[in-house]
Amino acid sequence: MQLTITSRREDVPVALRARAESVVGRLAKLAHRPTHAQVEFSMEHQRATAELRLHAARGAVHVASAEADDHRTALDRAAAKLRRQLDKKGAARRRGESRS
């Protein structure tokens, strides 16, 4: 799976990049055949924002974003949102419900 980590108006520290790689790696295990992931960090109005996009099979794209005082907390909150989305999709797939 290909991973892209970007930031607007600043560089991504090595520790934050490593944290993002591990978080996306754990989330990719829950997705159905993930192909590409994007993590984007930005700082707007003294609030750190993290956005996660996980592209999976058959064109499914899971997106979550969150704001916090620092990038690490924003990343963790966005990851929790994305995990809930993937848990719902996985439960529906295991029950045999159709894709919507």
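Student: How do S2 and S3 pair, and over how many bridges?
Tutor: S2 and S3 run antiparallel, with 9 bridges between them. Strands are DSSP runs of E, at least two residues, numbered from the N terminus, and two strands count as paired if DSSP finds at least two bridges between them. This is a predicted model, where local features need pLDDT of at least 70, side-chain atom pairs count only at pLDDT 80 or more, and totals for chains, interfaces and linings use all residues. Residues are numbered from 1 along each chain as its sequence is written, and side-chain values use heavy atoms, leaving out hydrogens and water.

Student: Which residue in S3 is the bridge partner of Ser42?
Tutor: Thr49. The S2–S3 hairpin has 2 residues between the strands, and His45 in that turn has a positive phi of about 55°.

Student: And what joins S3 to S4?
Tutor: 8 bridges, with the strands antiparallel. Ala48 has Ala68 in S4 as its bridge partner. That hairpin has 5 residues between the strands, and Arg58 takes a positive phi near 60°.

Student: Switching to H1: which residues are buried?
Tutor: Leu16, Ala20, Val23, Val24, Leu27 and Ala28. Buried means under 20% relative accessible area, exposed over 50%, and partly exposed in between (1.4 Å probe, protein chains only).

Student: Where do they sit around the axis?
Tutor: They cover an arc of only 135°, which puts them on the same side of H1; the arc is taken from the directions from the helix axis to the C-beta atoms. On the other side, Val14 and Ala15 are exposed.

How values were computed
Helices (H or I, at least four residues) and strands (E, at least two) are DSSP runs, numbered from the N terminus.
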